[in-house]
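Biologist: I am new to this structure and would like to learn how to read it. Could we go through it together, one feature at a time?

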Amino acid sequence: MTDSVSAQEQPQTAPVAPAAPQAAPVPTEAAAVAVAASEPAALAEAGAPQRRQDGSRRGGRNRRKPEGRQAPQGRASADGAADAAAPAGGPGAGTRAPQRVHPALEQLAGLYPHLFGAVFRPLKRGIFQDILAAHPELFEREALKVALGLHTRSTRYLQSVAAGDKRHDLQGQPVEDMAPEHVHHALLEVYRRKKARATEDLLPKLRNRMMAAFEASGLTREAYTQLVLSRDEAANAILEEAFAEWSARNAKDEALLRAFEASGQTLDAFADMYGMVPRTVGQQLERARRRAAAAASAAASAAAAVSAAPAAEPGDSAVAA
């Protein structure tokens, strides 16, 4: 089976604002879900009753549990539905029963604790086929697909994607970088989920993390914007606000660097002269130097490309015409 997941690789997010009283589970990490499953099939919703082979349903609302039996605790918060749709408040908000963990996820956590254990790692493309090939007798195809869907929709998994961690194989080895658009949309989805329960404004942190992800991508502003823009106008507006703050900060850093170089002072003396913290000044100067070096390198590369291009021979245009 090939990894025909291009349709699901692009995350589809719901509008960012305004926040609803209850966050709706949006498969923003559809890219990770699709990469995990590596085939275009619908994933079962978390918590949906599963039909047993004898035709009965498990997990009914009024079904009584045996005395003293507890839900599995080995993989807390692995269920994506619990993370994606946690209520902001209301009756029983603080006494919610633990979510039942999918049995296949319990097995995966035991087999690959470096991927599904205490720390979640982004999964490589085609991990679904890799697991089936490694354990053909252990996992049923549809159950594994559902389990990986729950895992990659969980907030803990999305946080690992938003952090820009590399994708890992079954041996726990990093094998490829996370696509910038996947990082960007994971940041937005984690923000949506946290916003429903937050008591502070999370937008400043989101904008800062967006710009950190942009700088880590190594792309130009134009290329990055074209890559991550979506039909969600509210999310696009947040990106533009982040870029505006980034540009203003860059201008301030560059002005500070010029003033520092013209002063002839040491870092501590310069910071004291302006009533600033030396460590903060040092960070601003370092940012300005890195951007200046990157700009000089890009200009040199462009000049080298132009000089290396073969010169047009006289009459070439006439021949081409």
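Modeller: Gladly! Let us begin with how the chain folds back on itself: among contacts between residues at least 6 apart in sequence, 70% join residues at least 24 apart. Please keep in mind that this is a predicted model.

Biologist: How many helices and strands does the chain have?

Modeller: There are 15 helices and 2 strands. The chain has 321 residues, and buried ones make up 37% of them. As for the surface, the chain exposes about 18300 Å², with carbon and sulfur atoms supplying 54% of that area.

Biologist: What does it take to call a residue buried, exposed or partly exposed?

Modeller: The relative accessible area decides: under 20% is buried, over 50% is exposed, and anything in between is partly exposed. Ala186, in helix 9 (residues 180-195), is buried because its relative accessible area is 1%. Ala163 sits in the loop between helix 8 (155-162) and strand 1 (167-168), and its 58% makes it exposed. Ala259 belongs to helix 12 and, at 28%, counts as partly exposed.

Biologist: Which residues does Ala259 contact, leaving aside its neighbours within four places in sequence?

Modeller: Those are Phe270 and Tyr274. Phe270 lies 11 residues from Ala259 along the chain, and their C-alpha atoms are separated by 9.1 Å.

Biologist: How do helix 9 and helix 10 run relative to each other, parallel or antiparallel?

Modeller: Look at the angle between their axes. The axes of helix 9 and helix 10 (residues 203-217) come within 10 Å and cross at roughly 170 degrees. Angles over 145 degrees count as roughly antiparallel, so that is the description for this pair. On the helix 9 side, the contact is made by Pro180, Val183, His184, Leu187, Leu188 and Tyr191; on the helix 10 side, by Leu203, Leu206, Arg209, Met210, Ala213 and Ser217.

Biologist: Which residues touch the most other members of the largest nonpolar core?

Modeller: That core has 46 residues, and the ones touching the most other members are Leu108, Phe116, Ile131, Leu144, Leu148, Met210 and Met211. Another core, of 8 residues, lies apart from it and includes Phe260, Ala271, Leu285 and Ala288.

Biologist: Leu285 and Ala288 bring me to helix 14. Which of its residues are buried, and what covers them?

Modeller: The buried ones are Val281, Gln284, Leu285, Arg287, Ala288 and Arg291. Their cover includes helix 12 (233-263) and helix 13 (267-273). The length check works here too: the 31 residues of helix 14 (residues 278-308), at 1.5 Å a residue, should span 45 Å, and the end C-alpha atoms are 44 Å apart, which agrees.

Terms used:
Residues are numbered from 1 along each chain as its sequence is written. This is a predicted model: local features need pLDDT of at least 70, side-chain atom pairs count only at pLDDT 80 or more; totals for chains, interfaces and linings use all residues. Side-chain values use heavy atoms; hydrogens and water are left out. Helices (H or I, at least four residues) and strands (E, at least two) are DSSP runs, numbered from the N terminus. The expected span of a helix is 1.5 Å times one less than its number of residues. Buried means under 20% relative accessible area, exposed over 50%, partly exposed in between (1.4 Å probe, protein chains only). Contact means heavy atoms within 4.5 Å. A nonpolar core is a set of buried Ala, Val, Leu, Ile, Met, Phe, Trp, Tyr and Cys residues joined through side-chain atoms within 4.5 Å. Accessible areas come from the Shrake-Rupley method with a 1.4 Å probe; for residues, only the protein chains shown count as cover. Axes are lines fitted to C-alpha atoms, for helices over the stretch in contact, and angles run from 0 to 180 degrees between N-to-C directions. Angles under 35 degrees count as roughly parallel, over 145 as roughly antiparallel, 65 to 115 as roughly perpendicular and the rest as oblique.
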